[in-house]
Each structure stands twice: as C-alpha cells, then as structure tokens.
Amino acid sequence: MIVDEVLKHFDHEVRTHPIARAGLRVERFDKVICLTGIYNYVSSWDFPPGEANTAVAQVAGHFRSRGEELLWRLYEHDGQRDRTDVISVALSAQGFVAEPSGMFMLADTSASLQIPRSETFEVRQVASAAAVDDFLAATDQAFGERHTDRQRAAYQDELGNPDHLLFVVYVGDIPVASSRMEIAGSFGQLYGGGVIPAWRGRGIYRAMVAARRQAAQERSLRYLSTEAADSSRPILESLGFVAAGRETTWILHRP
C-alpha cells in the first residue's frame, strides 16, 4: 500500500464527494463543503491560504447564527505546514477550539486478520430498532456521553442501509461495546470502537475491528480508514494499520 496514493483516493472519494446519509445533507459555502444535520462537519475546502480568514469567518458566522456546533478537521496531508498553520490561526480567531490530535490510519483489506473466537462475548451487526438502543446504550457508557432522540432516529432510519453498519458486542444479552462503519467509494470508515470500562482489556476492541474488516471484504472494499487516539494506535498497528499523518479536530461550540 502506497500511503500517498491512498490519501489521494480518500480525499476524492470521501471528502470532496461526501455522502448525505439519514439526518444529513450536503451544504456548500463558496469553496467549503459541509455535511450538516445531526452533526455539522466541514468535509473539504479549496481556498488558498490568503483567503483563510474570510472563508473561515463566513462558515463560522453561518453556524453561529444558527446556534449550532461545527467540526472542522485538519489532516497533516492537507498541504504544506504553512497552509495548515494559517487555517489553524483562522479557526482559533473565530472561536474554534482544538481537540487533542490523533493519528489518521489506513489498512488494506486484503491483509489477512485472524482473531480467535471468544466464548465470553459475541460481535453482532445491528439489524433492529431494539439493537439500535443497545448500540446507543453501549456507546453512552463507553464514552461517557448521552445520545439524543435525534441521533436515535437517524440511526433507526439507517437500518438496512448497506453503506452504514452498526455493531454491538454482547456478553450474554448485555451490550458492552459498540462501533460502526460507513462506506464511501472504496473505503470502509471505522468510527467509535468504544468498550465500557469493566470489559476493557479482553480483546473486544480487536474483535470489533476484525468484524468490520470482514464486512469490508465481503463488500469488496479496498481500504479501511480511522482516526485513532494514541491509546488505540498500537492495537491498530498490530492489526495491519499504518499511520498516515496527524489529524486535529477543531470545534466551534454552540454559543
């Protein structure tokens, strides 16, 4: 796998041409493309450094006027360092706050991955409204969050969508972990991967990655991508992922 070539495919297939799933729509602001709805996210942009202040101010002002949160993610491969630095300064000036940076990681789905089966837990793909509730319950406990009714409705609307897969890990009938995969072009994008504290360190995270890789292989996808915290990076590297550069998410919080 040649990382630079895969990154070009990722930018074209995933970022420049985003898919508006349930609860989302694509909005364009001059040279900035956003996904908006259940969350608001800047997918891509195409403005020179000299226009950064104006472009960021326009987009920030729009979402601030609506009283909504906005995410803007910068990837290390987005351009030369001086370009990303200029955008970072513009984001900060508009009130965006940077989250701790993570590592953008890629994997080729053709690589074999054998994860021993466990008699303690089972990974299942979500296929019912009740299982969506289990997914959200596990997610809330794993990440210390509280889902909204809007999020539940969006996930239920996505049931049966072959390009949006949810997974729950059960111990008996108790949901203890959750993860999901979105399909765009030749990429399976991995999100979540949260395990409730009492069940961490038992191979559940690895099993969820394996389940999603298998699902990607069944759909003839070429690559997997994910944004990994530093704590997750060693596990992902042991599963065949390679580091493709740092990424930082900037958040414009609600007024």
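Me: Contact means heavy atoms within 4.5 Å. Going by that, which residues does F241 touch in this predicted model?

Reply: Leaving out residues up to four places away in sequence, F241 touches M105, L106, A107, L190, V209, R213, L224, T226 and L236.

Me: And which residues have the most contacts inside the largest nonpolar core?

Reply: F241 is one of them, along with V176, M181 and I204. That core has 30 residues. The elements giving two or more residues to it are β6 (102–108), β8, β9, β10, α6 (204–218) and β11 (223–228). α6 gives the most, with 8 residues. There's also a second, separate core of 21 residues, which includes F47, A60, L91 and F96.

Me: Okay, on to β8. What makes you say that β8 is largely enclosed by the rest of the structure?

Reply: Count its residues. A residue is buried when its relative accessible area is under 20%. In β8, 8 of the 8 residues pass that test, so the strand is largely enclosed by the rest of the structure.

Me: How do you know that both faces of β8 are covered?

Reply: Take the two sides in turn. In a regular strand, side chains alternate between the two faces of the sheet. On one side of β8 you have H164, L166, V168 and Y170, and on the other L165, F167, V169 and V171, and they are all buried.

Me: Which strands does β8 pair with, and what makes each couple a pair?

Reply: The cut-off is at least two bridges between the strands. β7 (residues 122–125) and β8 have 4 bridges, so they count as paired, and the sense is antiparallel. R124 has V168 as its bridge partner in β8. β8 (residues 164–171) and β9 are joined by 8 bridges, so they pass too, and they also run antiparallel. Here L166 partners R180 in β9, while L165 stands opposite M181. In the hairpin of β8 and β9, 2 residues lie between the strands, and G172 takes a positive phi near 65°.

Me: Does the next strand along look exposed or covered: what is β9 like?

Reply: β9 is mostly covered, with 10 of its 11 residues buried. It also pairs with β10 in the antiparallel sense, over 8 bridges.

Me: S186 is in the loop between β9 (174–184) and β10 (187–195). Why is S186 called buried?

Reply: Its relative accessible area is 19%, and the cut-off is under 20%. The value falls under the cut-off, so S186 is buried. As for neighbours, S186 touches E13, L221, R222 and Y223, not counting residues up to four places away in sequence.

Me: What makes the rings of Y75 and F104 a pair, and which kind of pair?

Reply: The structure holds 10 aromatic pairs. For Y75 and F104, the ring centres are 5.1 Å apart, which is within the 6.5 Å limit, so they pair. Their planes sit at 75°, over the 60 degrees needed, so the pair is edge-to-face. The pair links distant parts of the chain: Y75 is in strand β4 (residues 70–75), F104 is in strand β6, and they are 29 residues apart.

Me: Why are Y75 and F104 counted as buried?

Reply: Y75 has 3% relative accessibility and F104 has 0%. Both values are under 20%, so both residues count as buried. The two rings also belong to one aromatic cluster, together with F10, F187 and Y223.

Me: Last one, helix α2. How do you know that its buried residues line one face?

Reply: The buried residues of α2 are A52, A55, V56, V59, A60 and F63. Seen down the helix axis, they fall within an arc of 120°, so they line one face. On the other side, N53, T54 and S65 are exposed.

Definitions and conventions: Residues numbered from 1 in each chain as written. Predicted model: local features only at pLDDT ≥ 70, side-chain atom pairs only at ≥ 80, totals over all residues. Heavy atoms only, no water. Buried < 20%, exposed > 50% of the residue type's maximum accessible area, 1.4 Å probe, protein only. Arc of directions from axis to C-beta. Core = buried A, V, L, I, M, F, W, Y, C linked by side-chain atoms within 4.5 Å. Phe/Tyr/Trp six-rings, centres within 6.5 Å; stacked < 30°, edge-to-face > 60°.
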